[in-house]
Amino acid sequence: MTNVKIGILELGYRTGSDSLSIVNDILQYGIKAEELNFSRLWLAEHHNAHPLHPYTNPEIVMTLLAGFTDRIRIGSAGALIGYSSPIFWPVTTS
């Protein structure tokens, strides 16, 4: 039997919390996920500013998570293709 690796997708949204509390929750979540031997922690993207979203771009939180953890792989997932895909850049004609 092969080893199964399990990752987590963190959506970065909590009801009834402020942004700073949510970032702290995400950091604690990442630390605990590593302790429980999860293989990866993915952060969803949020490009539209909203008071209950702790970040609009996950790279800063990913950097913080990398500083608080040692083994778990940190990445961005749940990408909004319309914002991120290099294939679908708008084409203009003159």
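Here are a few friendly notes on the structure above, which is a predicted model.

1. **Overall make-up.** Let me start with the inventory. The protein has three helices and three strands, and reading from the N terminus these follow one another as β-α-β-α-β-α. The chain has 94 residues, and 29% of the residues count as buried. Its accessible surface is about 6700 Å², with carbon and sulfur atoms contributing 59% of that area.

2. **Contacts along the chain.** If we take the contacts between residues at least 6 apart in sequence, 72% of them connect residues at least 24 apart.

3. The three strands make an open sheet, ordered β1-β2-β3, with parallel pairing. At the edges sit β1 (7-10) and β3 (73-77), each of which pairs on one side only. From one strand to the next, the twist averages 25 degrees.

4. **The β2-β3 pairing.** Strand β2 covers residues 40-44 and is joined to β3 by five bridges, the two running parallel. For a landmark to look up in the viewer, find A44, which stands opposite A77 in β3.

5. **Helices on the sheet.** How do the helices lie relative to the strands? Helix α1, residues 19-35, lies across β1 and β2, and its direction is at about 175 degrees to β1. Helix α2, residues 59-68, also packs on the sheet, where it touches β2 and β3. The direction of α2 makes about 165 degrees with that of β3.

6. **The salt bridge.** How many salt bridges does the model contain? The count comes to one. It is formed by the side chains of K32 and E35, at 3.6 Å from N to O; that distance qualifies because the cut-off is 4 Å. Both residues belong to helix α1 and are three residues apart, about one turn of the helix.

Notes. Residues are numbered from 1 along each chain as its sequence is written. This is a predicted model: local features need pLDDT of at least 70, side-chain atom pairs count only at pLDDT 80 or more; totals for chains, interfaces and linings use all residues. Side-chain values use heavy atoms; hydrogens and water are left out. Helices (H or I, at least four residues) and strands (E, at least two) are DSSP runs, numbered from the N terminus. Buried means under 20% relative accessible area, exposed over 50%, partly exposed in between (1.4 Å probe, protein chains only). Contact means heavy atoms within 4.5 Å. Accessible areas come from the Shrake-Rupley method with a 1.4 Å probe; for residues, only the protein chains shown count as cover. Two strands pair if DSSP finds at least two bridges between them. Axes are lines fitted to C-alpha atoms, for helices over the stretch in contact, and angles run from 0 to 180 degrees between N-to-C directions.
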